[in-house]
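Visitor: I would like to learn how to read packing features in a protein model. Please take them one at a time, with the general idea before the case.

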Amino acid sequence: MKEARVWQRMLSGRRLDLLDPSPLDVELEDIAHGLARVARWNGQTEGGHIFSVAQHSLLVEAIASHLDPQMTTEQRLATLLHDAPEYVIGDIISPFKAVIGDAYKAIESRLLAAIHIHFGLPPEINASSKRAIKKADRQAAFLEATRLAGFSREEALKYFGRPEPLSRSIETLLEPWPIHVAEERYRREITRLMDALSSQRRAI
C-alpha cells in the first residue's frame, strides 16, 4: 500500500508536514491566504461574505488590547496567531470537537509551535497570555454568535459567558469583509507587529 501523504502543498511552494511541521515551511502569505478563506461557524453566518478566521483573529486581538492596553507586542502577535493552524486544518467547530475528542489537539499544538517559532515567539506562550487570549476569544465568539450566527442572547450567555462593554470601533469589525480585504488586513497587521518587535529587540 502507498504511504499516506501527511503534508500539504502551499501556494508559496512550501510543503508543510502535519506530523512534523518545520518553522522553515511556514509563510505569512500562506497563513493570510488560508485564514481569509476559512469560514467561522461553518459558514452559517449572515451577510454577503463569510466571516473568516482572519477577520475573527483581528477581532480577538482588538478585544484583547481593549481589555489590557498594556499588552506587549509579543502578546498581541500571539493573539493574532492563536488560530493560525486553521490555515492547514480548517476551523473545527466546537460541537465536532466534542464528538471527536482530543485527537486533533496534538497536531494543532505542533503546528502552532512551528508558527510561533517562525515569527520569533516561544513555541508555547505562558499561562497568563493563554488566559487573556481565551477571554478575548470567548467575547468575540459571543459577539459573532449573536450578531452573525443566529444565537439568542440567552444561548450565547450559556456557552460563551457574559461579555464586557466594548468600544463601538471594535464592534465595526463584525461586518464580514470580502476575502481579499480580510487577507490584506491580516497580513498587514502581522507585518506591522513583526516590524515593531524587530525594532524593540534591536533597541535592547
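Visitor: Where is Phe-119 placed?

Guide: Phe-119 is in the loop between helix 6 (105-118) and helix 7. Keep in mind that this is a predicted model.

Visitor: Is Phe-119 buried or exposed?

Guide: The general idea is a cut-off: a residue is called buried under 20% relative accessible area. Phe-119 has 4% relative accessibility, so it counts as buried.

Visitor: Which residues is Phe-119 in contact with, leaving aside its neighbours within four places in sequence?

Guide: Phe-119 is in contact with Val-26, Leu-28, Ile-31, Leu-77, Leu-81, Ile-190, Met-194 and Leu-197, once neighbours within four places in sequence are left aside. As for Gln-8, 111 residues away along the chain, its C-alpha atom is separated from that of Phe-119 by 20 Å.

Visitor: Which residues of helix 2 and helix 10 make the contact?

Guide: Helix 2 contributes Ala-54, Ser-57, Leu-58 and Glu-61, and helix 10 contributes Ala-182, Arg-185, Tyr-186 and Glu-189.

Visitor: How do helix 7 and helix 8 cross, and at what angle?

Guide: The axes of helix 7 and helix 8 cross at roughly 160° and come within 9 Å. The two helices are therefore roughly antiparallel to each other. Helix 7 passes helix 8 in a right-handed crossing. On the helix 7 side the residues are Arg-138, Ala-141, Phe-142, Ala-145 and Thr-146, and they meet Arg-153, Ala-156, Leu-157, Tyr-159 and Phe-160 in helix 8.

Visitor: At what angle do the axes of helix 2 and helix 3 cross?

Guide: They cross at roughly 145°, with the axes coming within 8 Å. This crossing is right-handed. The contact involves Ser-57, Leu-58, Val-60, Glu-61, Ala-64 and Ser-65 of helix 2, with Arg-76, Thr-79 and Leu-80 of helix 3.

Visitor: Which residues of helix 3 are buried?

Guide: In helix 3 (residues 73-80), the buried residues are Thr-73, Leu-77, Ala-78, Thr-79 and Leu-80. Their cover includes helix 2, helix 7 (127-147) and helix 10.

Visitor: How many aromatic pairs does a search of the whole structure find?

Guide: The search finds 3 aromatic pairs. One of them is Trp-41 with Phe-160, edge-to-face, at 6.0 Å centre to centre and 90° between the planes. Trp-41 lies in the loop between helix 1 (28-35) and helix 2 (53-67) and Phe-160 in helix 8 (residues 153-160), so the pair ties together parts 119 residues apart in sequence. Both Trp-41 and Phe-160 are buried. Ring pairs also link Trp-41, Phe-151 and Phe-160 into a cluster.

Visitor: What is the phi of Trp-41?

Guide: Trp-41 has a positive phi of about 60°, although it is not a glycine. Asn-42 also has a positive phi, about 55°, and is not a glycine. Asn-42 is in the loop between helix 1 and helix 2. Trp-41 counts as buried at 17% relative accessibility, whereas Asn-42 is exposed at 51%.

Visitor: Where does the charged end of Arg-185 sit?

Guide: For a charge over a ring, look at the distance to the ring centre. The charged end of Arg-185 sits over the ring of Trp-177, 4.3 Å from its centre. Arg-5 lies over the face of Trp-7, at 5.0 Å from the ring centre.

How values were computed:
Residues numbered from 1 in each chain as written. Predicted model: local features only at pLDDT ≥ 70, side-chain atom pairs only at ≥ 80, totals over all residues. Heavy atoms only, no water. Phe/Tyr/Trp six-rings, centres within 6.5 Å; stacked < 30°, edge-to-face > 60°. Helix = DSSP H or I, 4+ residues; strand = E, 2+ residues; numbered from the N terminus. Buried < 20%, exposed > 50% of the residue type's maximum accessible area, 1.4 Å probe, protein only. Lys NZ or Arg CZ within 6 Å of the ring centre and 35° of its normal. Contact = heavy atoms within 4.5 Å. Axes fitted to C-alpha atoms, helices over the stretch in contact; angles between N-to-C directions. Parallel < 35°, antiparallel > 145°, perpendicular 65-115°, else oblique. Left-handed = near helix turned anticlockwise from the far one by under 90°.
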